[in-house]
Amino acid sequence: MTAREDFTYSVVIPVYNSQDVVGQTVERVAEVFETAGLRYQVVLVNDGSRDRSWDVIADLARRSPHVVALDLLRNYGQHHANLAGLRESTGDYVITMDDDLQNPPDQLLLLIDKALEGHDVVFGRFERKQARGYRRLGSKAISLVNRRVFEQPRGLAVSNFRILRRDVVERICDSRTAHPYITGQALMFSHSPADVLVRHDPRASGTSNYGLRRIASLVLTILFSYSVFPLRAAAALGFTVAGLSFVLGLFYLVRSFFVDTAVPGWTTIAVLLAVLNGVVIMILSMLGEYVVRTLNAVSAVTTYHVSERVSR
């Protein structure tokens with residue numbers, strides 16, 4: 001059986017407004033790897049934090065040879081920060097996790113052991129997710145999208161607490177998209193995904209940065225960037241309304257041969273025009289969204305900018 005010691009490991013941690021807890025997170029990660037005698041690297045990516053998070057992680061990088069700190073120019077979002085960390089990582093296996101200790105560092109070895117069984121991607125399956133009701137509802141919505149768009153296997157749980165083999169990391173880093181979505185890309189670029197049961201702890205401090213608005217934005221980004229489902233749904237709705245309008249028009253045409261109409265049909269015409277124009281505008285808006293995202297994808301050289309890098 002392959003031994004843990006045969007490989008190197010990188011841990012990528014996006015950091016956002018976590019000055020009070022990120023230091024403890026790094027300490028506990030280092031303790032796990034050093035106790036197990038494994039070679040490791042920690043990549044901390046400051047995603048436009050408004051507090052002193054950058055000062056904290058930059059100091060950690062200056063003091064430890066295992067830590068690299070990246071400061072992004074502004075807040076680009078968790079998946080862009082993860083992508084920056086993946087490109088900086090050097091390990092044979094790369095683990096992504098949160099900065100708030102909800103992904104307990106003592107569970108890292110569970111991910112590693114499962115990956116060493118021959119899986120190129122392993123997700124943490126939370127025993128019980130410590131999150132508010134709307135977050136759990138949002139996770140279910142995203143899971144439904146993952147199953148439809150990325151063909152997530154039934155029975156497989158996905159999360160941001162995951163380990164990726166180097167070849168999967170390279171495929172993600174080489175992919176050209178203006179809207180990275182690491183979970184979906186990991187599913188796209190792997191052939192033997194798996195999950196393993198892990199603990200999910202309450203937040204050590206602060207509150208979640210993912211509200212309903214950001215969850216909805218993520219769902220829309222996934223749909224418009226990786227799927228033609230919205231376009232096909234709009235087209236189907238357009239054809240349905242057009243068909244109903246044709247039937248209604250045929251009905252009034254036949255009726256006019258047998259029933260004298262005393263009132264001009266301006267109301268019917270106005271209603272039909274309103275409905276049909278609304279559908280046309282909706283479809284054009286949908287097409288416009290795809291055009292904009294296509295332009296972004298072909299014109300964007302990079303989706304984020306690093307303003308500073310600190311390492312010992």
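At what angle do helix 1 and helix 4 pack, and how many Å apart are their axes?

Mentor: This is a predicted model, in which local features need pLDDT of at least 70 and side-chain atom pairs count only at pLDDT 80 or more, while totals for chains, interfaces and linings use all residues. Residues are numbered from 1 along each chain as its sequence is written, and side-chain values use heavy atoms, with hydrogens and water left out.

Helix 1 covers residues 22-36 and helix 4 covers residues 108-115; they pack at about 50°, and their axes are 10 Å apart. Helices (H or I, at least four residues) and strands (E, at least two) are DSSP runs, numbered from the N terminus. Axes are lines fitted to C-alpha atoms, for helices over the stretch in contact, and angles run from 0 to 180 degrees between N-to-C directions. Helix 1 and helix 4 are therefore oblique to each other; under 35 degrees would count as roughly parallel, over 145 as roughly antiparallel, 65 to 115 as roughly perpendicular, and the rest is oblique.

On the helix 1 side, the contact (heavy atoms within 4.5 Å) is made by V29, V32, F33 and A36, and helix 4 brings L108, L109 and I112. By class, that contact has seven nonpolar residues, no polar and no charged ones. Here Ala, Val, Leu, Ile, Met, Phe, Trp, Tyr, Cys and Pro count as nonpolar, Asp, Glu, Lys and Arg as charged, and the others, Gly among them, as polar.

Helix 1 also packs against helix 2, at about 30° with the axes 9 Å apart, which makes helix 1 roughly parallel to helix 2. V22, G23 and V26 of helix 1 meet V56, I57 and L60 of helix 2. This contact of helix 1 with helix 2 has five nonpolar residues, one polar and no charged ones.

Eight strands form an open sheet of mixed pairing, in the order 7-5-6-4-1-2-3-8; two strands pair if DSSP finds at least two bridges between them. Strand 7 (193-198) and strand 8 (306-311) stand at the edges, each with a single partner strand, so one side of each has no neighbour in the sheet. Neighbouring strands are turned by 20° against each other on average, direction ignored. Strand 3 (residues 67-72) pairs with strand 8 in the antiparallel sense over five bridges, and V68 has S311 of strand 8 as its bridge partner. Helix 2 (residues 53-63) packs on this sheet, touching strand 1 (8-15), strand 2 (39-46), strand 3 and strand 8, and its direction makes about 150° with that of strand 3. Helix 6 (residues 166-174) packs on the sheet too, touching strand 4 (93-96), strand 5 (121-126) and strand 6 (162-165), with its direction at about 90° to that of strand 6.

Of its 312 residues, 46% are buried, where buried means under 20% relative accessible area, exposed over 50%, and partly exposed in between (1.4 Å probe, protein chains only). Among contacts with a separation of 6 or more, 85% join residues 24 or more positions apart.
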